[in-house]
Amino acid sequence: MPMIRLDEVSFRYRGATQLALSGVSCHIRPGELVGLLGRSGSGRSTLACTLNGTIPHLVRGELRGQVHIGDQDIRGRRPRDLADRIGFLFQDFEAQLFSTNVALEVAFGPENLAVPREEIVRRVERYLRMVRLDALRHKLPAGLSGGQKQRLALASVLALEPQVLVLDEPTSDLDPAGRRDLMEAIRSIRGDRSLTLVLIDPETDEMDWVDRLIVLDRGRVALSGTPAELWDKGEALEKLGVKGFTLARLASSLGFRERWRDADQAAAAIRATGWRVDGGAVDRLRMAEGQRPPGEVLLEVEALMHRYPDGTEALSGVSCAIRRGEFVAILGQNGSGKTTMVKHLNGILSPTAGQIRLLGQSLRGQPAARLSRRVGLVFQNPDHQIFAERVRDEVAFGPRLHGLSEDEVSRRVDEALEAVGLAGAKDLDPFVLTKGSRQRVAVASTLATKPEVIILDEPTTGLDHRELQGMMALIRRLNEEGHTILIITHAMAVAAEYARRVILMQDGRIVRDGSTRDIFRDESSLRDLGLTPPPAVQVANRLGVPALTLDELIACLTKSINSPIHQFTDPPIHESAPGRP
């Protein structure tokens, strides 16, 4: 008997004219791990919400068809009635947190299921350890970083020990080490008991460990199969707004038909079949990198320290300089101090000690409203930034605050919305837009103040493949137009492709600062910080190619006729990627 059975399930949200789900049928076996893929609006989250009663009991609309968990039709059951069987982590995980400390948050669910006290203590210990939050058990959840909050929400769901686990983008705010922790947690749980998993994640490369992939499009099942079966279906996936597997695209471009398990296998196959490095292409890569030298120093950070009111020392002697025209990615594990540091650059936070200078002038005592004209910050969660009832008023807020005339305000609103591709959305409520569009509204609000420096905290979180490409194309264009760009990101492929400089942070300190190409070639140092280069860079490193993207790697390889195996520079030794469940 299937653990999850959906038969001809359709759903229309209240007030909507089109179906969000249309005749969806799928059966999921007990213990099966299933990944849901699809572009924004494809119906992934809607389908997930039918599995625990959120639809139709909390989110109203017309639901048709059959939804069974085990042998039970759950359409008449509310989420609270299913909490012991179905654990659900929402995409907006912060909405699930409300307790006064981390340990109490994890204990709340089991307490409400009348689990014995001794068992509650065991679960709290186990799941906090799994998500690496055991040292923060007494901390207020609101004081955690975005990634730590996501870990806490995940631990709270795991502590219910449900039969079915539904995770809606559970790693969107996690560093690569956090992704590995999630996989290890699932492996550990499956070792103890049967667990059926439904996982939504836009990163196709991160889904090759599940049993089956289901791709939704316009509320229907468009593709379904094992990762091996969909591995070479890159063109079909791209048409559905889903990124294909990176190693599959590399294999296809070089004429290989077999499926590569990882970067080691890919590099070995390439080395053994007559491919070599094109020295001229490598030289052109390096020459292109030096064609745009950075300008004068804009921001100087000197011995910066910050201690929060609860005593947490988030920054410990940070020093760096940001030059005009740079594109810098700030990388590090959750809680390493990245967001705390950038919040000092436009006056949102004040240093406990140390100095920050903008064009040689100290920021101490300068009001944040004045600084925002020079340094703009787009928050990690756009919903923490957006408050107006119309898009045009949201974007106009900054220019009006600076005392500009209404004619100038109107001109800047039009320019900013045109730049982010939302010129036709002026009169819409920003909260009816998709997450990607709300992110663009937040960017437009910053652009309208015309800052020299634009800081974006996790600008691609929650975006599908095409939205991510659009957002990063916009950010690159802004940089080419003269804006200095700083991004905080856990998307290693984004950092590799777009940034020209990388700052690595750990425990409130900068531990490495250099060109993106140099940083990403040192895989062992990245792994020591819990970071993992994207698949294309891993293959390039093993071949001794200084490539940062798949296209760069392919361009640097050429077919050799004679003695192909010895044409490669011996690559450095790399640690194998951790095993997967």
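E8 lies in strand 1 (residues 4–13), where strands (E, at least two residues) and helices (H or I, at least four) are DSSP runs numbered from the N terminus. The model is predicted, so that local features need pLDDT of at least 70 and side-chain atom pairs count only at pLDDT 80 or more, while totals for chains, interfaces and linings use all residues. Residues are numbered from 1 along each chain as its sequence is written, and side-chain values use heavy atoms, with hydrogens and water left out.

**Backbone angles**

Most residues other than glycine have a negative phi, and most peptide bonds are trans. E8 has a positive phi although it is not a glycine, and E458, also a residue other than glycine, has a positive value too. E8 is exposed, with a relative accessible area of 53%, whereas E458 is buried, with a relative accessible area of 3%; here buried means under 20% relative accessible area, exposed means over 50%, and partly exposed lies in between (1.4 Å probe, protein chains only). E458 is placed in the loop between strand 18 (453–457) and helix 18 (465–480).

| Residue | Phi |
|---|---|
| E8 | about 50 degrees |
| E458 | near 50 degrees |

A cis peptide bond joins I55 and P56, with omega at about 15 degrees, and P56 lies in helix 2 (residues 54–58).

How far apart are the end C-alpha atoms of helix 16? They are 20 Å apart, which agrees with the 20 Å that the 14 residues of helix 16 (residues 406–419) should span at 1.5 Å a residue, the expected span being 1.5 Å times one less than the number of residues. Within helix 16, the residues V409, R412, V413, A416 and L417 are buried. These residues cover an arc of only 125 degrees around the axis, which puts them on the same side of helix 16; the arc is that of the directions from the helix axis to the C-beta atoms. D407 and E418, on the other side of helix 16, are exposed. Helix 15 (391–401) and helix 17 (435–447) are among the elements that cover the buried residues of helix 16, with contact meaning heavy atoms within 4.5 Å.

In helix 10 (residues 246–254), the buried residues are T246, L247, A248, L250, A251 and L254. They pack against helix 11 (263–272), strand 11 (275–277), helix 22 (535–543), helix 23 (550–555) and strand 22 (557–559).

**Helix 5 against helix 7**

Helix 5 (residues 117–130) packs with helix 7 (residues 176–192) at an angle of about 140 degrees, and their axes are 10 Å apart; axes are lines fitted to C-alpha atoms, for helices over the stretch in contact, and angles run from 0 to 180 degrees between N-to-C directions. From helix 5, R126, Y127 and M130 meet D181, A185, S188, I189 and D192 in helix 7.

**Cysteines**

A disulfide is a covalent bond between the sulfur atoms of two cysteines. The structure holds zero disulfides, a disulfide being counted as a pair of cysteine sulfur atoms within 2.5 Å. The sulfur of C49 is too far for a bond, because the closest cysteine sulfur, in C26, is 15 Å away. C49 counts as buried at 12% relative accessibility, and C320 counts as buried at 12% relative accessibility.
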